[in-house]
Amino acid sequence: MEYLKEIQKARRIVVKVGTSTLTHATGKLNFNRMEQLVRQLSDLRNQGKEVVLVTSGAVGAGMGRLGLAKRPTSIVERQALAAIGQGLLMQIYEKLFAEYGQVVAQVLLTRSDISERQRYLNARNTLMALLNYRVIPIINENDTVATEELKIGENDALSALVTGLIDGELLVLLSDIDGLYTSDPKQNPDAKLIPCVQEITSEIRQMAGGAGSSFGTGGMVTKLNAAQMATSAGAMMVLMNGNDPSKLQQLFEGKPVGTVFLSKHSVVNHRKRWIAYGPQIGGELVIDRGAERAMTTLGKSLLPSGIVRISGDFGESDLVRILNMDGMEIGRGFTNYSHEQLSRIIGKKTSEIETILGFKNADEVVHRDNFVLTLS
């Protein structure tokens, strides 16, 4: 299988490990599994590969330190546990990696670091410098300060964003499931593992279930979203079971492990990757069939005449989702007009904009240079 050979060739690799993999059912850290993981990643580094680790487990580690059996629901409590657990987590990683002669660096990111273009570029430059120094960056979301509204969401999404951020060639998600199945294997004993996914279709998404771990936050839906982001950035993604980290070695020996998501042939450029998955969304624009065809097939900009309705309280230069008449997202882009301004020129010709508003920022509501297709 050709894609297995491509995995072997991958040089810049992002590995994400979830809370359920790093901790016991009690919430306390699973040192044996962490040691196995560190050994595998160190071996990949010794092969000349660049490795980035995106790790969960700070809240779980904090739970274990305080002897809590149940994950708290309030943001403040989770932030406090993350503050306790993050230092513990890095202390263990530092000690384990040092035993294999590896230098590590802690990088904590927030939604603002991804949403704001300059901070996004700063994060990219820092990570690239660390890789040039042959350091293994260990990345987590800064749960201690991130509010619910400003969170990236979960580390599946964070790892995919990081993959695009550093032009990674391969993303490996270590989870508590062997890969993507035709249905939930916990519910259906006849469910079959899908070894390779060429495209994330609606049928593939229907196979996704909800979150199943009491200590983690991700489910199969979040993993498919991560695959969508990573493959759009030109990377392959592997979803595999992290309970036996030694299977990473099998993966890089060219053996079939888990589910492989193939990268897309038409790779989105770096700035448009950021547009698609970086900034927070301010609102939505629903467009008619003609505008949909112009934007998806002809590569045109969005004019006010093609907009059917709008929602959200967005301002000029905010990011908006663009939906077709069926409610399906076709793309995202920066708008030249605020919600209030746009509500007055919906369906109008560009020649009417200045008469209606008293000014004209641009003929286009969303220019094609500030728009990216997200439709699979």
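**Exercises on strands and helices**

Strand S1 (residues 12-17) and strand S5 (residues 170-175) run parallel and share five bridges. Strands (E, at least two residues) and helices (H or I, at least four) are DSSP runs numbered from the N terminus, and two strands pair if DSSP finds at least two bridges between them. This is a predicted model, where local features need pLDDT of at least 70, side-chain atom pairs count only at pLDDT 80 or more, and totals for chains, interfaces and linings use all residues. Residues count from 1 along each chain as its sequence is written, and side-chain values use heavy atoms, leaving out hydrogens and water.

**Exercise 1.** Work out how helix H4 (residues 58-66) and helix H5 (residues 75-99) are oriented to each other.

*Solution.* Take the axes first (lines fitted to C-alpha atoms, for helices over the stretch in contact, with angles from 0 to 180 degrees between N-to-C directions). The two axes come within 6 Å and cross at roughly 90 degrees. Angles of 65 to 115 degrees count as roughly perpendicular, so H4 and H5 are roughly perpendicular to each other. Now check the contact (heavy atoms within 4.5 Å): H4 residues including Met63 and Leu66 meet H5 residues including Leu81 and Ile84.

Definitions and conventions: Angles under 35 degrees count as roughly parallel, over 145 as roughly antiparallel, 65 to 115 as roughly perpendicular and the rest as oblique.
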